[in-house]
Amino acid sequence: MNGHHWVRVTPCDSIPLREGRVVTLGGRDIAIFNLGDRFMATDNQCPHEGGPLCDGIVAGDSVVCPLHAWKFKLETGAVERPASKHECLVTYPTRIEDGIVVLGLPEISTP
Ligand code: FES
């Protein structure tokens with residue numbers, strides 16, 4: 001089963017347009033980006049050397065890491081630049097409820 005458990009994280013207007021903010025949920029640092037018409041969420045840590053993607057530059061529907069400018073597609077988490085790299089960020093589904101950004105976290109399976 002590939003369910004999500006949905007967590008209300010922050011009011012939509014607490015994330016300025018085309019910026020990111022980090023939240024810590026279930027031990028993960030997750031960056032949430034305001035693209036104007038929607039919010040996107042990925043792991044905050046850049047797979048290159050751990051740069052904080054929440055401080056990156058949002059360009060179109062991508063984010064550019066503030067440290068060495070790797071560029072990630074927010075929709076899929078795929079590296080767009082450098083093209084030779086195939087690392088991928090974990091992405092999280094989002095929705096908006098009553099002006100609050102709600103994140104879908106993978107269901108934790110308890111043994
Ligand atoms: S840490 Fe993100 S590009 Fe190097």
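**The whole chain**

Two residues count as in contact if their C-beta atoms, placed from the backbone, lie within 7 Å. This is a predicted model, in which local features need pLDDT of at least 70 and side-chain atom pairs count only at pLDDT 80 or more, while totals for chains, interfaces and linings use all residues. Residues are numbered from 1 along each chain as its sequence is written.

Colour by secondary structure: the chain has eleven strands and zero helices. Both kinds of element are DSSP runs numbered from the N terminus, helices being H or I of at least four residues and strands E of at least two. The radius of gyration, taken over C-alpha atoms, is 14 Å, close to the 13 Å that the globule rule gives for 111 residues, so the chain is as compact as a globular protein of that length. That rule is 2.2 Å times the number of residues to the power 0.38. Along its principal axes, the C-alpha trace spans about 35 × 35 × 20 Å.

**The three-stranded sheet**

Select S1, S11 and S10, which form an open antiparallel sheet in the order S1-S11-S10. Strands pair if DSSP finds at least two bridges between them. Strand S1 (4-11) and strand S10 (94-97) are at the edges with a single partner strand each, so one side of each is left without a neighbour in the sheet. Next, show S1 with strand S11 (residues 100-106): seven bridges join them in the antiparallel sense. Within S1 and S11, Arg-8 stands opposite Val-102.

**The four-stranded sheet**

Move to the open sheet with the order S5-S6-S7-S8, whose pairing is antiparallel. Strand S5 (57-59) and strand S8 (79-81) are its edge strands, each pairing on one side only. S5 runs antiparallel to strand S6 (residues 62-64) and is joined to S6 by three bridges. Select Val-58 and Val-63 to see two residues that stand opposite each other, the latter in S6.

A residue is buried if 20 or more other C-beta atoms lie within 10 Å of its own, exposed if 12 or fewer, and partly exposed in between, with C-beta atoms placed from the backbone. Centre on Ala-31: leaving aside neighbours within four places in sequence, its contacts include Gly-20, Val-22, Ala-41 and Leu-53.

**Backbone details in the loops**

Go to the loop between S8 and strand S9 (91-92), where Pro-82 is found. A cis peptide bond joins Arg-81 and Pro-82, with omega about -5°.

Then select Arg-18, in the loop between S1 and strand S2 (20-25). Phi of Arg-18 is near 60°, a positive value in a residue other than glycine. Arg-18 is partly exposed, with 14 other C-beta atoms within 10 Å.

Finish at Asp-98, in the loop between S10 and S11. Although Asp-98 is not a glycine, its phi is positive, at about 50°. Asp-98 is exposed, with 8 other C-beta atoms within 10 Å.
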